[in-house]
Amino acid sequence: MADLTKVAQEAADAAAHLHPTPAEIAALDDTELLDFHRTLGAARRALDAVTALASGEIERRSSRELGCAGLAQASGFNSPVELVQSLSGSTRAEATKLVHVGGMLVDESPAAHHSALTAAISTGALSIDAVEAIRRGLGEADAATTVEALRTAVDTLIAAAPTLNADRLYRRARELRDELDQAGIARREQERRDLRYLKVFTRSDGMVAGSFLLDPEDGGTLVAALDTILSPRRGGPRFTDPTDVATAQRLVDDPRTTPQLAADALMDLLRVAIDAAPGTMFGKRRPAVRVIVTEESLSRRGSGAFEGMPDPISFETVERHLCDTGVIGVRFDDNGSCIDLGREQRLFSERQRIAMAVRDGGCLFLDCARPPSFCEAHHINQWKRDTGRTDLADGVLLCRYHHLLLHNNGWQITRSGAQYELVPPSAVDPEQRAVLLVSRTAAVRELVGV
């Protein structure tokens, strides 16, 4: 309708005439400044809601069924997102958000949780940023999470929205989804892991460039390693030991930039790994990536988390980390107050890891050729939480891939004397027939008679 265009033009004209000078803004007292900003926010939310509605209609008129006759392609664009981006002058991410939210607004039979979100937009209770954060964070209904459960979660998030920005609202939505679907944590964890990549290419000037994407677990290891190396440069903790103070000061005084130091540190880590003898078993010092678990999680229920990372991790990942790196127990009361800090219980000492490297000769899994330097220590009896003891005979070497496979896919390793056997899950072998695992060290094979 022409009237809609006229109203929109009037709004644009009004905004165009709003040109306060810095001196006029500076003349506002605190209350006036906050009120002015709050009013601008309300106006922006109203305009964004209408823009999203129009974007949703553009998407509807650009459906794949229409082909070249669709509005986007007829206007010379490959998708409605590209058309909206051109019309609004926004980033692709902003245009995508407008189309996603607009799609909900024009949907004639929306799901119940989407209806609640569109109603919140119409009343001005939520911005489109908040709506998109909730939509992405909660996801869609599936066999484990019903539409009704999502609707309840949406109501909870709408009530919390006035005190949360869009980023925090997204995190809270993710938390609620994980609470609704505990069983899906492992699946979503694997989905994030499957997104990982490393791309490297040589530029025309000979410089090597690239990009990477890591899942929270591996990314946390990289971040922790760089933080440990660069902490003094980044304003990390102060030291009292004279040697530590001197080392930190040398790093602070180093003429290289922090990004250059990070690049050199990464290459140093690679050279250590490349130059290491195949029989070297690493593990004496590791980046401090802490796993947070509750007593419930240690009883094979619930989930855990990596310190400083928002997404939960499955119990299988918790178990694997406790198995390989030990734990520092921190107990909390029902009010969330810390009441006890336990002693560190490392499952395998450096000497024990060396002994495992000699005994196993590398990853003990079937037909794996990974040397000890690529391996982690796996406790076949899991973590002995009550005693804190560790027996060398109950530890074996596994490469990262097979350590993940063992914990996440139901495989088990058992021991009878000095012999180890691999028991597959019933999905792989319904009879779960054990297979003997053989050391890659010839002297050990001769000793045990295999």
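Visitor: What should I know about the model before reading the values?
Guide: The model is predicted, so local features need pLDDT of at least 70 and side-chain atom pairs count only at pLDDT 80 or more, while totals for chains, interfaces and linings use all residues. Side-chain values use heavy atoms, with hydrogens and water left out, and residues are numbered along each chain as its sequence is written, starting from 1.

Visitor: In what order do the strands of the open sheet stand?
Guide: Strands here are DSSP runs of E with at least two residues, and helices are runs of H or I with at least four, both numbered from the N terminus. Two strands pair if DSSP finds at least two bridges between them. The open sheet has 3 strands with antiparallel pairing, and their order is 10-11-12.

Visitor: Why is one side of strand 10 and of strand 12 left without a neighbour in the sheet?
Guide: Strand 10 (412–416) and strand 12 (435–437) each have a single partner strand, so one side of each has no neighbour in the sheet, because both stand at the edges.

Visitor: Over how many bridges do strand 10 and strand 11 pair?
Guide: Strand 11 covers residues 419–423, and within strand 11 Gln-419 is the bridge partner of Ser-416. The two strands pair in the antiparallel sense, and the number of bridges is 5.

Visitor: Which residues are linked in a network with Arg-61?
Guide: A salt bridge is counted when a side-chain nitrogen of Lys or Arg is within 4 Å of a carboxyl oxygen of Asp or Glu, and the structure holds 20 of them. In one, the closest N and O atoms of Arg-61 and Glu-57 are 2.7 Å apart. The network of salt bridges links Arg-61 with Glu-57 and Arg-60.

Visitor: Is Lys-97 buried or exposed?
Guide: Buried means under 20% relative accessible area, exposed means over 50%, and partly exposed lies in between (1.4 Å probe, protein chains only). Lys-97 forms a salt bridge with Glu-94 at 3.0 Å between the closest N and O atoms, and both lie in helix 6 (residues 92–106), 3 residues apart, about one turn of the helix. Glu-94 is partly exposed at 32%, whereas Lys-97, with a relative accessible area of 10%, is buried.

Visitor: What is the relative accessibility of Asp-429?
Guide: The side chain of Asp-429 meets that of Arg-433 in a salt bridge, with 3.0 Å from N to O. Asp-429 counts as buried, its relative accessibility being 10%.
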